[in-house]
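This briefing concerns the structure displayed below. Please view the sequence and the model together while reading.

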Amino acid sequence: CRYAAYLSSFYGSETVDVGSDATFSCYGSGSYLYWFINGVNTENMTSAEIEKRGMNFSGYYNYNPPYYLFCNVQYSYMTVAGNCLNNNSEIYCVILGAYPLQNVTSRIANLTVKGDPPVVNDIEVFSVDANTLFISWDAYTSTNNCNFTLIIIDSYNSMDTT
C-alpha cells in the first residue's frame with residue numbers, strides 16, 4: 001500500500017435491550033483489521049471469553065488492483081450480545097497499514113445494555129456450628145453472565161466479600 005491505513009466508516013455507540021444483539025461495522029484500507037473491547041484485542045481472548053460475550057465476527061477482505069500493491073480493503077462486522085458482561089463496554093477497531101507500518105484507530109463506540117437488574121430471593125442463613133454459617137439464595141436475572149457479590153459482616157464488624 002503506498003499510503004498509510006485509513007478508516008472510512010465506523011458506526012457509533014449502541015443501546016440495546018437485554019437479550020438483543022448490537023452490531024458494529026468497520027471499513028478501511030490496510031493489511032489487517034483488529035477489533036477491541038474494553039482495550040483488549042479480541043484475537044487475544046479465549047474462545048470461552050468470546051462465547052460468554054456472545055461475540056461473532058463476519059466480513060471480507062478484498063485485494064485491490066496491482067497498482068495498490070499490498071493495499072487491501074478490510075471490512076468487518078462484530079456482533080456482541082446484550083448481556084451484563086458487555087454493558088458499558090468500549091468497542092473500537094484498528095487497521096494496520098502495510099507500508100508504512102502505521103495503525104489507524106477508529107473512534108470508541110459505547111455499548112449500553114438496558115434491562116432489569118438481577119433479583120435475589122429467598123435468602124436463608126443456617127448456623128452450622130459456632131464458627132460456620134451456610135447461606136443459600138435463588139437469583140434471577142434476565143441476562144446471562146451476571147456477577148453477584150455477597151458481602152458478609154459479622155458481629156465484630158469485619159467484612160468478607162465473596
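The points that follow cover model confidence, strand pairing, the disulfide and the salt bridge.

This is a predicted model, in which local features need pLDDT of at least 70 and side-chain atom pairs count only at pLDDT 80 or more, while totals for chains, interfaces and linings use all residues. Residues are numbered from 1 along each chain as its sequence is written, and side-chain values use heavy atoms, with hydrogens and water left out.

**Confidence**

- The chain has a mean pLDDT (the predictor's confidence in each residue, from 0 to 100) of 76, and 65% of its residues reach 70 or more.
- Confidence in the chain is highest in strand β5, at 96, and lowest in strand β14 (residues 159-161), at a mean of 55. Strands here are DSSP runs of E with at least two residues, numbered from the N terminus.
- Over residues 63-69 pLDDT stays under 50, and the model has eight contacts (heavy atoms within 4.5 Å) for them beyond four places in sequence.

**Strand pairing around β4**

- Strand β4 (residues 32-37) pairs with strand β8 (residues 89-96) in the antiparallel sense over six bridges; two strands pair if DSSP finds at least two bridges between them.
- Within this pairing, Phe 36 has Tyr 92 of β8 as its bridge partner.
- β4 also pairs with strand β5 (residues 40-41), in the antiparallel sense and over two bridges, and Val 40 in β5 is the bridge partner of Ile 37.
- The hairpin of β4 and β5 has two residues between the strands, and Asn 38 takes a positive phi near 50° there.

**Disulfide**

- One disulfide (a pair of cysteine sulfur atoms within 2.5 Å) is found in a search of the whole structure.
- Cys 26 and Cys 93 form this disulfide, with their sulfur atoms 2.0 Å apart. The pair ties together parts that are 67 residues apart in sequence, because Cys 26 lies in strand β3 (residues 21-30) and Cys 93 in strand β8.
- The link of Cys 26 and Cys 93 is right-handed, with 65° about the S-S bond.
- Cys 26 is buried (under 20% relative accessible area, with a 1.4 Å probe and protein chains only), at 0%; Cys 93 is also buried, at 0% relative accessibility.

**Salt bridge**

- A search of the whole structure finds one salt bridge (a side-chain nitrogen of Lys or Arg within 4 Å of a carboxyl oxygen of Asp or Glu).
- Asp 17 forms a salt bridge with Lys 114, and their closest N and O atoms are 3.5 Å apart. This pair links distant parts of the chain, 97 residues apart, with Asp 17 in strand β2 (residues 14-17) and Lys 114 in strand β10 (residues 109-114).

Key. Helices (H or I, at least four residues) and strands (E, at least two) are DSSP runs, numbered from the N terminus. Buried means under 20% relative accessible area, exposed over 50%, partly exposed in between (1.4 Å probe, protein chains only).
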